[in-house]
Amino acid sequence: PNPSIINACTYAYEDDTPIILITSALLERVTPGELRAVIGHECGHIHNNHGIYNTAANLVLNSLQIAIPGIQQIMAAISAPLRWSIMMWSRAGEVTCDRAGVICSDAANDNITLQAKFMYGAALNRQDINIEAILKQYDTLRSTPVRLLELEDTHPLSVRRIFAIREFLGSEVLYSWR
């Protein structure tokens, strides 16, 4: 990945040693607690074997791409529900890994501020984040066609992730893990 992009990713397959890659742009813009949330999130991908499943999903989707004109459009239309299902699984996996980040964090708020920073590109290392204003956006997201924008994405919108993290903070599962 480009070091100027705020990102982290994991390379983990069954027969290799896992690698967590964190770009310098991310390191420059997060607090130590938020970094711990990032590493916990990436460890969640490793623990849940997401690298293997993502590779399998990509193989299936790529095998459906036929380069014959006319047939390509038909296959794209036929395979859309499968692609959307795989994308939905990927988004659910990201929420699962966000929960791993919460479990690994010292402060629950680190995970929320991290997602908020992703929303606005962590510009200028701002710390004055209004979480309540962000959560109002979630109501808009759920009640408008904007929610369909996620259909083709592998990651949920940050506002949805913040909502899911807040829900997880009140769960028995979190306290049993901790």
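Trp89 is partly exposed, at 34% relative accessibility, where buried means under 20% relative accessible area, exposed over 50% and partly exposed in between (1.4 Å probe, protein chains only). The model is predicted, so local features need pLDDT of at least 70 and side-chain atom pairs count only at pLDDT 80 or more, while totals for chains, interfaces and linings use all residues. Residues are numbered from 1 along each chain as its sequence is written, and side-chain values use heavy atoms, with hydrogens and water left out.

The count of aromatic pairs is one. Tyr53 and Trp89 form this pair, which is edge-to-face, with 6.2 Å centre to centre and 75 degrees between the planes. Rings of Phe, Tyr and Trp (its six-membered ring) pair if their centres lie within 6.5 Å; planes under 30 degrees apart count as stacked, over 60 as edge-to-face and the rest as tilted. Tyr53 lies in helix 3 (residues 50-63) and Trp89 in helix 4 (residues 71-104), so the pair ties together parts that are 36 residues apart in sequence. Helices (H or I, at least four residues) are DSSP runs, numbered from the N terminus. Tyr53, at 46% relative accessibility, is also partly exposed.

The two helices that carry this pair pack at an angle of about 165 degrees, the axes of helix 3 and helix 4 being 11 Å apart. Axes are lines fitted to C-alpha atoms, for helices over the stretch in contact, and angles run from 0 to 180 degrees between N-to-C directions. Helix 3 and helix 4 are therefore roughly antiparallel; angles under 35 degrees count as roughly parallel, over 145 as roughly antiparallel, 65 to 115 as roughly perpendicular and the rest as oblique. Their crossing is left-handed, meaning that the near helix is turned anticlockwise from the far one by less than a right angle, whereas clockwise is right-handed. Contact (heavy atoms within 4.5 Å) is made by residues including Tyr53, Asn54 and Ala57 of helix 3 and Ile86, Trp89 and Gly93 of helix 4.

Ile66 lies in the loop between helix 3 and helix 4 and is partly exposed, at 29% relative accessibility. Leaving aside neighbours within four places in sequence, Ile66 is in contact with Ile71, Gln72 and Met75. Ile66 and Ala76, ten residues apart in sequence, are 8.9 Å apart in space, C-alpha to C-alpha.

Helix 4 also meets helix 7 (residues 158-169): the axes come within 10 Å and cross at roughly 50 degrees. That makes helix 4 oblique to helix 7, and the crossing is right-handed. Among the residues that meet are Val95, Asp98 and Val102 in helix 4 and Ala164, Ile165 and Phe168 in helix 7.

Helix 5 (residues 109-119) is largely enclosed by the rest of the structure, because eight of its eleven residues are buried. The buried residues of helix 5 include Ile112, Leu114 and Ala116, and also Asp110 and Lys117. The elements covering them include helix 1 (24-29), helix 2 (32-47), helix 4, helix 6 (131-143) and helix 7.

That leaves the cysteines. The count of disulfides is zero, a disulfide being a pair of cysteine sulfur atoms within 2.5 Å. The sulfur of Cys43 is 6.1 Å from the closest cysteine sulfur, in Cys104, which is too far for a bond. Cys43 is partly exposed, with a relative accessible area of 34%, and Cys104 is partly exposed at 31%.
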